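Below are notes for a colleague who has not seen this structure before. They are set out as numbered points, to be read beside the model.

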Amino acid sequence: MILERLTLSDFRAYGGHHVIDLAPRIRYGSVRPITLFGGLNGAGKTTLMMALKLALYGRHALGLGTSTTVYHRFLRESMHRSTGVRLPSHNAFVEVDFVYGRLGERSRFTVRRSWSADGRRVREHLSVSEDGEPLTLAPEACQGFLDDLVPISVSELFFFDGEKIAELAEDETGRILGGALQRLFGLHLVERLRGDLRVYTLRQENGAGLQLGEEIERLEGEYQERLKAIQDAQAAVDCAERRYQALTEERGRLELRLRERGGDWGASRESWHAKAEDLRSMIEKEERGLRDELAGIYPLSLSGDVLGPALEAAATTLKARTQAEANDLLASFAATLKDHLDGTGRTHVDRLLRDAVHPVADSETLLDVSHRSLGRMSQAVRHSIPDAQSRVTRLIERVQAAEEQLAAATAMCEQAPDDAAIMAEMDELGELSEQAASAAVELAVCKRELKTRYRLAIDQARTLRTKNAALAAMHDAAQSVEYAERTRRLLRDFHRVKTRRKIEELEDMFAMAFQELARKDDLVATARINPRNFTVKLLNGEGHELRKEQLSAGEKQIYAIAMLDALSRTSGRRLPVVIDTPLGRLDSQHRANLVSSYFPRASHQVILLSTDVEVDQPFYRELSPQVGRAYEIRYDPSEQTSKVLKGYFWRRRARITS
């Protein structure tokens, strides 16, 4: 990857439009990889590094955990503001052009990230072009494309400033180095894959099999508890039944004793007397009803043998009389009709009259009744008299039964004991009856509880059967879980072996880098990295451990730069290196080593952001054979903006790039 051009528009200290060439230049037949920016503190050196990272990584340029709210506030605050401008800009962008090689093919990409502020809202737009053709991707897909080209996980090894160098130098926990190693060599992906496999295993086992097994175990425990509850309920039922049986038997013995003492002990003499009176009243009432029936139609039932024939004779007589009257009427009508007809007509009428007239048998008239009287007589014979007979029979039976009961009640009145004689036994019997009733209620409740517990146990058994069937079905997936576990163990071993090998390679690279950068009298000779927690143990030339507090600030910075250089070499990636304020804590000899041994070979493209104190005239002269482009960043107070001028401080030409 080669950064060719950086374009800024109203970004932070840079008001207006700025185009900065970054590509290494070929001079005198050799490639000069270094692009040198010089500027005083606050002029805008760090802004250039931020612009590069912002263009490539967007929100993640501020840190992987940056929220959208914080990011939008940063974009709003990054818009250039100048008090001398009447209409401040509400739009800004950063753009970077770079060349990237993939599979032997070189492509030129242009990435522009622009944003605008509209009230409280910030709108961001990302566009990516490849060889002049815009990529038709959604913003999220464009960002993913850039992340694949230049992963943010390795950006810290190629975009770093003096503060980050100091953090690595002061880190005693191994957290910073460990994170860089994990991301640089893709070991974090191995851990992520192990985690995903663990999630899969948990979903299969905990989420399905293991969770189901635990649920079955829980259900079995509850089922055993329900069986125990059934036993307890059954014991309660048995106890209630024994109590109820005992009370019932005791009450039966007392009832027998009372019967032996006075016949029907269940009622006193007065009660039997009252019952006898009631029976007498009922008999009188029934007898009145019987007399009323006897005064009605019932007596006719005594002549039942003659009522039927009499009814038939009356019906026969009424029918004959009716037929005779009809014959007479037809004869009269025929005579009148013949008076108006001739001989043939009269003959025809006589023939019709003979066919229409029915002969009437001669019989003795016994009962001469009308049709209405015959109907009333039929109703009485067929319905009223039989109904009266039934009512009388029932009344007689009720009277007889009441008389029998009256006789029994009268006898009991004579046999029943006095209330005083059986008062104690009656009280005891009442108490026993109450206790037996209470025991019966208790027994019913216990049986109902037992039934409920049986039902719950049956439901639990059905659920267990269903769960066991499901668990049996899941055993078919056990092999995939076993494969996942084996893969996790393999990845663990791979992670351990890969980490150990990369650490060994990193230790060798660190030793080489440190020897190139260090002075002869430096204490550190090499470093040993713990593969578990990534803590670094520094060793001197004799192999003895050195604590970091024994190192000077310059030695710590050389250690950190050497470690970053070793990480970059070990990664095998060819990315530009951007270094901000690299020489702040170094003495002249360490600076000289850095200028002569590190910067020229740090990468195929090196961008240095320095002050005039860090890279002064002597260091510039030594570095100049490797410098392809040099710029000075100068703040113009009259226009309230920073400008990028060609030439490094004392070598600056008047031509302005903005």
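1. Two strands pair if DSSP finds at least two bridges between them; helices (H or I, at least four residues) and strands (E, at least two) are DSSP runs, numbered from the N terminus. The model is a predicted one, in which local features need pLDDT of at least 70 and side-chain atom pairs count only at pLDDT 80 or more, while totals for chains, interfaces and linings use all residues. Residues are numbered from 1 along each chain as its sequence is written, and side-chain values use heavy atoms, with hydrogens and water left out.

2. Strand 1 (residues 2-11) and strand 2 (residues 14-21) run antiparallel and are joined by six bridges. Ser9 has His17 in strand 2 as its bridge partner. The hairpin of these two strands has two residues between them, and Arg12 takes a positive phi there, near 55°.

3. Salt bridges come next (a side-chain nitrogen of Lys or Arg within 4 Å of a carboxyl oxygen of Asp or Glu). By this rule there are 21 salt bridges. One of them is formed by Arg108 and Glu4, with the closest N and O atoms 2.8 Å apart. Arg108 belongs to strand 7 and Glu4 to strand 1, so this pair ties together parts that are 104 residues apart in sequence. For accessibility, buried means under 20% relative accessible area, exposed over 50%, and partly exposed in between (1.4 Å probe, protein chains only). Arg108 is partly exposed at 41%, while Glu4 is buried at 17%.

4. Arg5 also takes part in salt bridges. With Asp21 the closest N and O atoms are 3.6 Å apart. Arg5 is in strand 1 and Asp21 in strand 2, so the pair ties together parts that are 16 residues apart in sequence. Asp97 lies in strand 6, so its pair with Arg5 in strand 1 ties together parts 92 residues apart in sequence. Asp97 is buried, at 7% relative accessible area.

5. Which residues make up the aromatic cluster? Phe98, Phe109 and Phe145 form it. Rings of Phe, Tyr and Trp (its six-membered ring) pair if their centres lie within 6.5 Å; planes under 30 degrees apart count as stacked, over 60 as edge-to-face and the rest as tilted. The structure holds six aromatic pairs. In one of them, the ring centres of Phe98 and Phe109 are 5.5 Å apart and the planes stand at 20°, so the pair is stacked. This pair links distant parts of the chain, with Phe98 in strand 6 (residues 91-102) and Phe109 in strand 7 (residues 105-118), eleven residues apart. Phe109 also pairs with Phe145, and that pair is tilted, with 5.7 Å from centre to centre and 50° between the planes. Here Phe109 in strand 7 is linked to Phe145 in helix 3 (residues 139-149), 36 residues apart. Phe98 counts as buried at 0% relative accessibility, and Phe109 and Phe145 are buried as well.

6. Helix 5 (residues 175-184) is mostly covered, with seven of its ten residues buried. Among the buried residues are Leu177, Gly178, Gly179 and Ala180. After helix 5 comes Gly186, whose phi is positive, near 75°.

7. An open sheet is formed by three strands in the order 11-12-13, with antiparallel pairing. Strand 11 (524-529) and strand 13 (545-546) stand at the edges with a single partner strand each, so one side of each is left without a neighbour in the sheet. Strand 11 pairs with strand 12 (residues 536-540) over five bridges. Ile529 has Val536 in strand 12 as its bridge partner.

8. Ser301 is placed in the loop between helix 7 (269-294) and helix 8. At 13% relative accessibility, Ser301 counts as buried. Ser301 and Ala380 are 79 residues apart in sequence and 9.9 Å apart in space, C-alpha to C-alpha.
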